[in-house]
Amino acid sequence: MRKISKIEPKLPVIQARKKVAAYARVSRDTERLMHSVSAQVSYYSALIQKNPEWEYAGVYADMGISGTDTSKRGEFLRMLADCEEGKIDIILTKSISRFARNTVDLLETVRHLKDLGIEVRFEKEHIHSLSEDGELMLTLLASFAQEESRSISENVKWGVRKRFQSGEIGAANKHILGYRYDDGLRRYVIIPEEAEAVRWMFQMYIDGVPLRGIAGSMNSAGIRTTLGNDFQEASVRQLIFNEVYAGDIRRQKCYMADPITKTKVKNCGELPQYYMADCHEAIIDHETYAKVQAEMERRAGLVNPTYPFTGKIKCGICGQSFTRRKGTTKGKEYVSWFCRAKKEAGMTCTSRNYSEQNLMEICAKLMGTDSFDGTAFESSVRLISALPDGSLEVQFFDGQIKRWEMSLKPAKVPDKPVKKRPAHLFDGKIFCGQCGRRYGRAVSESKDRHLYWYCRAKSHHGVTCDSVNYPDSEMKEIFCMVMGLEAFDEGFFTETVERMVVQKTGSIDFHLKDGTVKTYETLKLRSNRHENTSTDEFTGKIRCASCGSLYHRYCCYGKYTYWRCSGKSKVRTECGGRDFQDSDIRKVSAYMMGMEEFDAEAFNGTVDYITAFPDSSLEIHFYDGRAERWQR
């Protein structure tokens with residue numbers, strides 16, 4: 001018999017077109033490079049649109065922005081955002097150096113795009129980021145691109161320094177009060193009306209007027225900065241210290257430490273500076289400028305006075321400089337030097353302190369003089385190192401190194417043996433469910449001096465924990481309740497319990513050694529914690545169990561809200577109803593409703609009323625007929 005089989009028609013599978021975008025960048029905003037970007041945009045637009053398998057997703061172009069930092073390229077960041085939204089599948093770019101010159105940024109970006117399933121194609125290097133050897137080749141070639149950027153930067157710096165040496169001045173800042181820069185003359189030209197303001201400013205400084213006072217006088221006179229802003233103390237300081245007003249220019253005050261990160265730092269002697277005198281017409285003469293320099297030194301001496309040992313003593317433990325401290329003890333004045341790390345937050349140092357008189361005697365002895373001579377010390381001693389054992393190592397400018405040994409003190413024998421606190425059954429057994437730290441024990445300051453347990457995070461500076469404390473006796477009672485014991489048995493506890501975890505509400509999880517967990521469920525309020533809350537939803541909802549009166553709201557200390565039985569204020573009525581903090585009722589209500597935080601809408605929809613008992617317990621009555629009681 002013939003066998004007949006049915007052949008189902010196969011529909012051709014139409015592959016979805018890839019969404020393709022391109023990225024272009026030039027580092028300088030010049031006419032030639034702008035033309036280059038326009039050509040790249042046109043080329044990539046045509047290339048993507050003529051490929052039937054591709055869908056045009058746009059061309060992103062950054063103009064006049066360096067490739068060493070991706071955070072400042074707006075179009076580049078917009079492209080990455082579109083990639084994360086699924087708008088791009090493939091990115092085309094001319095070369096690695098156009099995409100990024102920073103190796104770290106390049107690899108991080110490519111790996112991020114790879115995780116999103118997006119491919120980057122570098123045309124010049126013929127690299128596809130999703131290929132097997134793509135990342136290896138990117139790492140090598142990106143390193144070359146980064147070094148090329150560093151080399152270009154060094155060549156530019158070399159050219160700038162050569163122009164400094166040859167006297168080609170130019171102007172680092174063409175916007176400065178009192179001058180305009182003439183591009184034809186290539187020098188500053190005085191603006192007469194602004195120059196008068198500059199001379200007035202310098203004269204006020206010489207006369208002893210503080211910088212803040214100078215700024216106020218300039219603003220009151222209607223004089224503004226070149227940007228049209230009010231003068232501030234910092235802007236006046238910048239102008240007063242500028243040698244341009246004396247007709248001179250100092251070059252290379254700052255330099256770029258790293259061409260990749262573009263970090264600009266102050267030149268403190270790492271590189272040579274170039275001082276060009278009489279470059280342009282001066283607004284103030286050199287005699288006036290010299291008076292300004294002298295006034296600067298005078299004011300600096302008042303703020304930061306220097307002493308013979310200033311900047312000379314270094315700590316051999318942490319490397320910080322020593323600083324001077326002056327004080328009085330029992331009516332006697334003393335001066336000492338100590339490591340600066342000891343007064344800085346978050347730093348500790350175990351180095352010795354030295355009295356100034358002792359330091360003078362030590363230095364005089366090592367220098368071979370009868371008494372301490374500050375001038376001779378300044379010219380001969382280069383550095384003093386305070387060693388961990390308290391000894392001092394003195395380095396002289398002539399290369400000599402001399403050492404002063406600290407005499408060892410005999411170990412102090414305690415008069416009485418130190419009594420160790422006896423071990424406790426709960427030591428190392430109780431943990432905080434919020435921060436994970438162990439509980440420690442302490443004795444209360446109340447009359448009964450009872451033992452209680454608290455989270456150790458509360459006793460560490462800078463660490464806070466909202467956990468509850470537990471009296472030792474209450475902890476034992478709870479254990480007996482959970483385990484069904486009539487009395488606490490230390491041996492049974494040791495054999496069965498591995499650890500106890502106190503949760504945020506005060507509930508305790510008992511982790512037993514057989515792997516089971518038994519929980520004591522409760523809400524334990526903190527009696528010493530006051531929170532400023534006021535809840536309108538409690539009005540008419542709280543009833544006194546003693547006299548049946550409603551509770552009313554009142555304010556304590558003008559800050560904290562409490563609820564009190566209105567029967568207490570009635571004539572010939574004695575009510576033993578307890579007062580309750582508004583915040584405590586909120587916590588109890590949320591706990592009874594099975595919520596972490598109080599919700600007013602949920603409260604109004606589920607709670608009929610609350611009964612307050614004289615023993616400080618609260619009973620929540622729900623609309624569905626349930627009633628649950630919370631005991632303090």
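Mentor: Start with Y245, which counts as buried at 0% relative accessibility. Buried means under 20% relative accessible area, exposed means over 50%, and partly exposed lies in between, with a 1.4 Å probe and protein chains only. Before going on, note that this is a predicted model: local features need pLDDT of at least 70, side-chain atom pairs count only at pLDDT 80 or more, and totals for chains, interfaces and linings use all residues. Residues are numbered from 1 along each chain as its sequence is written, and side-chain values use heavy atoms, leaving out hydrogens and water.

Now the ring of Y245. A search of the whole structure finds 26 aromatic pairs. Rings of Phe, Tyr and Trp (its six-membered ring) pair if their centres lie within 6.5 Å; planes under 30 degrees apart are stacked, over 60 edge-to-face, and the rest tilted. Y179 and Y245 have ring centres 6.0 Å apart and planes at 20 degrees, so this pair is stacked. The two residues come from distant parts of the chain, 66 residues apart. Y179 sits in strand 7 (residues 179–182). Y245 sits in the loop between helix 8 (233–240) and strand 9 (249–251). Helices (H or I, at least four residues) and strands (E, at least two) are DSSP runs, numbered from the N terminus. Y179 is buried too, with a relative accessible area of 3%.

Step back to helix 8. Its buried residues are S235, V236, L239 and I240. Viewed down the axis of helix 8, they fall within an arc of 130 degrees, so they line one face of the helix. The arc is taken over the directions from the helix axis to the C-beta atoms. A234 and Q238 are exposed, on the face of helix 8 turned away from the buried side.

L211 belongs to helix 7 (residues 211–220). L211 is buried, at 11% relative accessibility. Beyond its neighbours within four places in sequence, L211 is in contact with Y205, E233, V236, R237 and R299. Contact means heavy atoms within 4.5 Å.

Y205 leads on to E295. With neighbours within four places in sequence left aside, E295 is in contact with Y205, I206 and G208. E295 lies in helix 9 (residues 286–303) and counts as buried, at 9% relative accessibility. Its side chain makes a polar contact of 2.7 Å with the side chain of R298. A polar contact is a pair of N or O atoms within 3.5 Å; within protein, one must be able to donate a hydrogen and the other to accept it, and residues adjacent in sequence count only if both atoms are side-chain atoms.

Back to aromatic rings, elsewhere in the chain. F426, W453, F479, F488, F492, F493 and F510 form one aromatic cluster. Two arginines lie over tyrosine faces: R543 over Y609, at 4.2 Å from the ring centre, and R564 over Y554, at 4.3 Å. A charge sits over a ring if NZ of Lys or CZ of Arg is within 6 Å of the ring centre and within 35 degrees of the ring normal.
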